[in-house]
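Hello,

Here is the structure we talked about passing on. Please have a look before you read the notes below it.

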Amino acid sequence: MKQKIIIALLCVIAGFILILWRSLSYPVIGIYPKTDFVLDHVRVFDPDRKSFSRLSLEFRNNRIFKIRKGKQESSAEFSGMTVTPGIVDMHAHLPPHNLLDLIPYFSLLYLSHGVTSIRIAGDIDGTAVPYAKKGIEEGTFFGPKIVSCDAFVTSGVPRWKNSIIVNSPEEASEAVRALKKKGVDCIKSYENLSVSMIRALVETANKEGLPVIGHVPYGMTYEESKIPDVQHFFGIPRPQSLEKDSVLNRGADWGDVNEKLLNDIVKFSIENKIANTPTLVASDRLLLFSDYESAKKDSAVALMPRFYREVVWNPEIGIPAYRGIKKEYLKDHVQSAILKKKSLLRKLFLAGATLHLGSDAQQPFVVPGASLYQEMNLFQEAGIPPYDVWKMATVDSNRAIGNEASFSIQEGASPDLLIFREDPTTDLTKTSSLYAVVSQGKFYLKKDLDFLVQEFREQQSKLLFEQLSMFLGKLALEKQTKEFKH
């Protein structure tokens with residue numbers, strides 16, 4: 001009798017585990033990219049020259065097999081469509097690899113929007129990048145090429161689990177060498193570092209051939225830090241003008257930033273070859289907090305699982321650093337700062353400074369893939385012509401991550417390409433005409449990628465997934481943001 005009861009209990013447990021696994025596992029991919037295809041009579045955009053060539057590109061086994069001159073008019077499927085290099089998100093993040101298994105979906109969101117490469121500006125617990133790279137390389141799920149800084153090089157109390165804590169210039173140098181051995185693509189300089197630590201970190205990274213991106217630490221100015229690629233325009237407001245040490249205040253307390261300071265920053269950036277990845281979209285999307293209920297219905301926000309919309313980005317219980325933002329603060333600080341950031345962006349562009357487009361996805365209402373188009377629009381609003389925005393987002397960014405081969409149009413190459421029905425290079429609203437994506441020589445129809453996105457969304461809307469994800473999401477939020485209170 002006892003044996004029968006034990007067997008029955010085991011069957012119930014096994015059944016529950018099976019239901020749980022089916023509810024949380026991502027959909028089976030029934031769509032496969034083409035490796036042999038022909039892009040007949042397309043207009044191939046060269047952002048370097050701001051020119052087009054009418055070509056036919058024949059691919060075999062993921063590589064360009066033959067290039068021919070295309071015809072002006074043809075009945076071929078792709079005839080007259082615009083082909084551009086793939087775009088790069090220069091400040092991206094992926095969620096941790098855990099029971100919710102969201103990495104395949106986030107990877108798909110990037111690719112379905114034409115983001116063919118991402119630079120991970122820190123893997124918060126060290127689990128996301130290895131899992132994502134393996135899954136994409138093995139074809140288990142679809143996604144962009146990934147380059148990664150891996151750990152956060154920081155001092156003091158670490159905000160993220162995947163941090164290397166340093167307390168001296170010597171330890172900063174050793175951290176770079178350790179990351180180099182690990183195979184990283186860049187170094188993320190983070191919080192609480194001293195000027196001497198940053199100098200040692202940059203000097204060692206230069207010797208190791210690794211670019212350095214990072215935050216200007218609280219209490220330090222942009223000029224003092226001299227970080228080669230500054231993220232979020234941190235360090236531009238003078239430290240004494242910030243209300244407190246918070247990523248919100250550091251990005252929004254720009255009240256004392258005047259024209260002279262903006263001009264000084266431009267001059268310093270040019271003289272010291274400082275690049276900037278401003279992630280304007282992360283500031284711009286904060287304005288959605290002014291009407292949180294409407295924000296949850298935003299077309300891009302709706303792509304995210306419910307627990308992001310109702311837990312992670314909740315203004316009362318969500319990411320600690322963004323809780324309780326007042327409407328007055330959004331108007332008087334965040335919105336005002338965005339206008340000054342756009343002015344600085346235009347000044348930097350006109351001066352010839354290096355600029356990168358990044359999204360900082362997973363910040364409030366910042367959605368993988370969709371947010372990079374929003375960043376491109378903000379660059380245009382700042383006064384940068386669409387042609388130049390495309391160059392920054394494509395060839396410039398690919399060069400910055402050592403991915404020049406991705407936009408090579410020559411026989412034997414496996415490029416990253418976007419195929420549009422209408423030309424987006426003079427009108428960014430035409431990005432909605434994306435028809436197909438070629439990632440590392442593999443061809444995906446946009447409608448197929450969108451179909452998979454919808455499959456994921458339907459799975460995520462199931463009652464058991466929603467309930468479990470809401471519960472697990474709250475636990476994960478507390479765990480991952482334990483030290484990210486400011």
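Helix α3 spans residues 128–137 of this predicted model. Its buried residues are Ala 128, Val 129, Ala 132, Gly 135 and Ile 136. These cover an arc of only 140° around the axis, so they sit on the same side of α3. What do they pack against? The partners are α2 (103–112), β6 (115–120) and β7 (145–148). Just after α3 comes Gly 139, with a positive phi of about 80°.

Next, the aromatic rings. The count comes to 19 aromatic pairs. One of them joins Phe 152 and Trp 160. Their centres are 6.3 Å apart, with 35° between the planes, and the pair is tilted. Both Phe 152 and Trp 160 are buried.

Tyr 222 and Phe 268 also pair, with ring centres 6.3 Å apart. Their planes stand at 70°; over 60 degrees counts as edge-to-face, so this pair is edge-to-face. It links distant parts of the chain. Tyr 222 belongs to helix α6 (residues 222–225) and Phe 268 to helix α8 (residues 259–272), 46 residues apart. Both Tyr 222 and Phe 268 are buried.

Phe 106, Phe 289, Phe 307, Tyr 308, Trp 313 and Phe 365 make up one aromatic cluster.

Finally, two arginines over rings. Arg 43 lies over the face of Phe 52, at 4.0 Å from the ring centre. Arg 60 lies over the face of Phe 65, at 3.8 Å from the ring centre.

Best wishes

Methods: Residues numbered from 1 in each chain as written. Predicted model: local features only at pLDDT ≥ 70, side-chain atom pairs only at ≥ 80, totals over all residues. Heavy atoms only, no water. Phe/Tyr/Trp six-rings, centres within 6.5 Å; stacked < 30°, edge-to-face > 60°. Buried < 20%, exposed > 50% of the residue type's maximum accessible area, 1.4 Å probe, protein only. Helix = DSSP H or I, 4+ residues; strand = E, 2+ residues; numbered from the N terminus. Lys NZ or Arg CZ within 6 Å of the ring centre and 35° of its normal. Arc of directions from axis to C-beta. Contact = heavy atoms within 4.5 Å.
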